[in-house]
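These are my notebook entries on a structure with two chains. I set down what I looked up, entry by entry, with the cut-offs behind each term.

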Amino acid sequence: MTARLACVILALGVACAGAARGQDAGPADSAVWKKVHASMFGNAILEAADGVVTLDTPKRAEDAAIVPLAIRAQFPQTKERHIETIWLVIDNNPSPIAAVFRFTPESGRADIETRVRIEEYTYVRAVARTNDGKLYMAANYVKASGGCSAPAGKDAVAAKANLGRIRLSVHDGVEAGRPAIAQLMISHPNDSGLAMDQVTRSYATPHFVRRVEVRYAGKPVMNADVDFSISENPNFRFYFVPAGGGELDAKVVDNQDLEFTARVKLDSPRLGAVSTPH
Amino acid sequence: MDGRLARVAVSLTPPSRRWCALVLGVGAAIAFLQSAAGMAPEMPELALENPAPGIYVHYGQQAEMTRANFGDVANLGFVVGARCVAVIDTGGTFAVGRALRRAIQRIATVPVCYVINTHVHPDHVFGNAAFTDDHPQFIGHVRLADAMRRRGPNYLNALRRDLGDIAQQSAIVLPTRSIATTEELDLGGRILSLRAWPTAHTDTDLTVFDDASRTLWLGDLLFVGHVPVLDGNLRGFLAAIAELKTVRANLAIPGHGRALAWPEAIAPEERYLTGILAEVRAAIKGKRTLAETLATVDTGGERWLLFDEFHRRNVTAAYAELEWDE
């Protein structure tokens with residue numbers, strides 16, 4: 001029945017080219033989600049995320065190109081119990097799996113804040129896998145923005161010109177043994193290449209960040225596989241557990257194999273070094 | 001979009017797939033019949049004002065685009081010369097553009113030779129398609145074609161989603177002539193000066209100055225009543241305002257809201273944008289995240305129309321721009 005309903009919605013979508021539509025019946029009924037669920041998690045049951053993670057999203061995408069969201073773990077990362085992986089899924093974006101974040105006990109907290117593009121009225125989901133293999137899901141419905149906001153960037157020329165600036169920073173007041181907040185910013189167009197040139201009927205070259213690796217004292221604290229659902233100038237806030245000095249370092253690789261790196265020494269925990277692509 | 005839908009359809013179970021193919025087939029047939037009929041619904045005649053000889057303005061509603069208003073939410077107009085007419089912005093749907101074209105035909109005896117778009121936003125450009133039979137030059141900022149290419153499909157999708165059949169015949173019409181700096185258009189005894197701006201309200205802002213009446217068309221570089229919208233660069237917007245204030249114009253026609261004397265017209269917008277700059281810089285300096293900044297955003301100050309629809313969006317855009325400064 002729900003498949004038929006989805007069918008009718010699809011058919012109406014074809015007939016009316018996407019006439020006004022309301023919220024899907026529920027997060028489980030989204031046709032895209034059923035496909036993602038089957039391909040990523042097979043038959044596994046996803047439990048409600050209460051007590052594991054929360055997902056904070058705005059009710060409406062104010063700016064379609066920059067929608068802030070936060071996934072927050074509800075317990076600290078320990079060897080005994082921790083979140084290993086969080087999938088960020090945006091059902092109705094051209095590429096629904098926006099990011100796969102990986103955490104370790106050294107992360108301290110499996111929290112992540114970032115910004116995404118929202119193309120359409122959609123469910124946004126955070127699926128967390130804990131180290132016992134269990135899966136938990138939080139889902140929010142987000143309305144698309146008004147007509148004059150577009151997921152494309154504000155200034156394509158400036159975005160290209162600034163490509164490759166990277167900044168890694170750690171908040172003040174770092175204490176050994178307590179989770180500290182770090183922020184990674186990458187100046188990058190993060191372009192899907194999905195916009196068709198109306199004259200040549202050809203597509204632009206996609207250019208987006210695909211991999212982020214952050215380590216503290218040589219150990220991974222946050223890794224991510226991402227794509228162009230992440231906003232232009234990708235921005236991530238996350239935790240790690242400092243132990244006195246040492247170095248936090250980030251490596252970012254895009255789909256054209258450009259590599260950007262930055263590092264922060266913890267005895268001078270302000271700003272990371274800025275590096276050029278190589 | 002089509003690729004994704006196709007993939008979803010394939011993932012359905014076999015009996016549903018057959019059923020789905022049938023429904024999709026029927027859907028496609030309906031789509032075909034609609035496009036065969038395909039006409040945008042008629043809207044009422046556009047009200048025009050004539051603030052100076054040869055200058056005609058239609059004031060769009062101060063609202064978001066809806067079925068009820070046909071997408072008629074931006075100011076449009078035209079300038080009549082001895083040789084021909086220049087249209088300045090064409091409205092949010094084909095239906096609005098067609099109504100504008102009819103209004104021009106009632107007033108002017110000379111043809112339309114130029115259709116100027118002040119920037120890429122859909123409420124200003126989707127009426128272009130109503131003018132293709134006039135074979136005008138479609139004129140825009142040097143970056144307009146690229147911006148239309150990047151944003152057009154999304155705008156069209158949103159228009160069809162939100163306006164349904166009202167959006168019929170609305171289409172992306174790319175500029176045929178690009179303005180990189182400044183250029184003049186001769187309408188016959190009447191010169192329009194066009195000026196392309198660095199990224200401000202958008203990265204495609206173009207202003208039009210009519211020398212004869214000293215009328216300045218600002219597109220969305222000027223909002224009156226309607227809260228200003230930031231979809232480009234905040235500091236660029238403020239720099240453009242500073243420069244525009246030196247233009248010796250009698251009358252300023254905004255993209256939204258009533259025409260007013262210049263440069264007084266822009267004072268509230270300048271205060272608003274300056275306020276956002278200060279507020280967001282303070283938030284970033286105070287290490288507040290974007291979400292925290294939005295949660296505590298200042299909702300006081302001057303009373304603007306559509307404040308709830310656009311203010312948080314402006315703060316978002318300003319934050320993303322300014323955080324690299326800190």
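Entry 1, conventions. I take strands (E, at least two residues) and helices (H or I, at least four residues) as DSSP runs, numbered from the N terminus. I count two strands as paired if DSSP finds at least two bridges between them. The model is predicted, and local features need pLDDT of at least 70, side-chain atom pairs count only at pLDDT 80 or more, while totals for chains, interfaces and linings use all residues. Residues are numbered from 1 along each chain as its sequence is written, and chains are lettered from A and ligands numbered from 1 in the order in which they are written.

Entry 2, the hairpin of chain A. I looked up the hairpin of β7(A) and β8(A) and found four residues between the strands. In this hairpin G133(A) takes a positive phi near 85 degrees. The two strands, β7(A) and β8 (residues 135–142), run antiparallel and are joined by eight bridges. I noted one pair here: T122(A) has V142(A) in β8(A) as its bridge partner.

Opposite L88(A) I found A126(A) in β7(A). I then asked how many of the nine residues of β7(A) (122–130) are buried. The count is seven, and the strand is mostly covered. For burial I used C-beta atoms placed from the backbone: a residue is buried with 20 or more other C-beta atoms within 10 Å of its own, exposed with 12 or fewer, and partly exposed in between.

I traced an open sheet of nine strands with mixed pairing, in the order β1-β8-β7-β4-β5-β12-β11-β14-β15. Its edge strands are β1 (46–48) and β15 (259–265), each pairing on one side only. On average, neighbouring strands are turned by 20 degrees against each other, direction ignored. Such angles are taken between axes, which are lines fitted to C-alpha atoms (for helices over the stretch in contact), and run from 0 to 180 degrees between N-to-C directions. Further along the order, β11 (residues 209–216) and β14 (residues 247–254) pair in the antiparallel sense over seven bridges. V212(A) stands opposite V252(A) in β14(A). I also looked for a helix on the strands: α2 (residues 31–41) of chain A lies across β1, β4, β5 (97–103), β7 and β8, and runs at about 150 degrees to β4(A).

I recorded three helices and 15 strands. Of the 278 residues, 50% count as buried. I counted two residues as in contact if their C-beta atoms, placed from the backbone, lie within 7 Å. Of the contacts with a separation of 6 or more, 68% come from residues 24 or more positions apart.

I recorded nine helices and 13 strands in chain B, and 51% of its 326 residues count as buried. Among contacts between residues at least 6 apart in sequence, 70% join residues at least 24 apart. Seven strands form an open sheet of mixed pairing, in the order β1-β2-β3-β4-β5-β6-β7. The edge strands, each pairing on one side only, are β1 (49–52) and β7 (177–179) of chain B. Neighbouring strands of this sheet are turned by 25 degrees against each other on average, direction ignored. Within the sheet, β3 (residues 76–80) and β4 (residues 85–88) run antiparallel and share four bridges. V79(B) has A86(B) in β4(B) as its bridge partner.

I looked up α7 (residues 267–285) and α9 (residues 307–322) of chain B, whose axes come within 10 Å and cross at roughly 55 degrees. In the contact, I276(B), L277(B), V280(B), R281(B) and I284(B) of α7(B) meet N314(B), V315(B), A318(B), Y319(B) and L322(B) of α9(B).

L305(B) lies in the loop between α8 (290–295) and α9 of chain B. Is L305(B) buried or partly exposed? I noted it as partly exposed, because L305(B) has 16 C-beta neighbours inside 10 Å. Leaving aside neighbours within four places in sequence, L305(B) is in contact with Q62(B), G225(B), H226(B) and V227(B).
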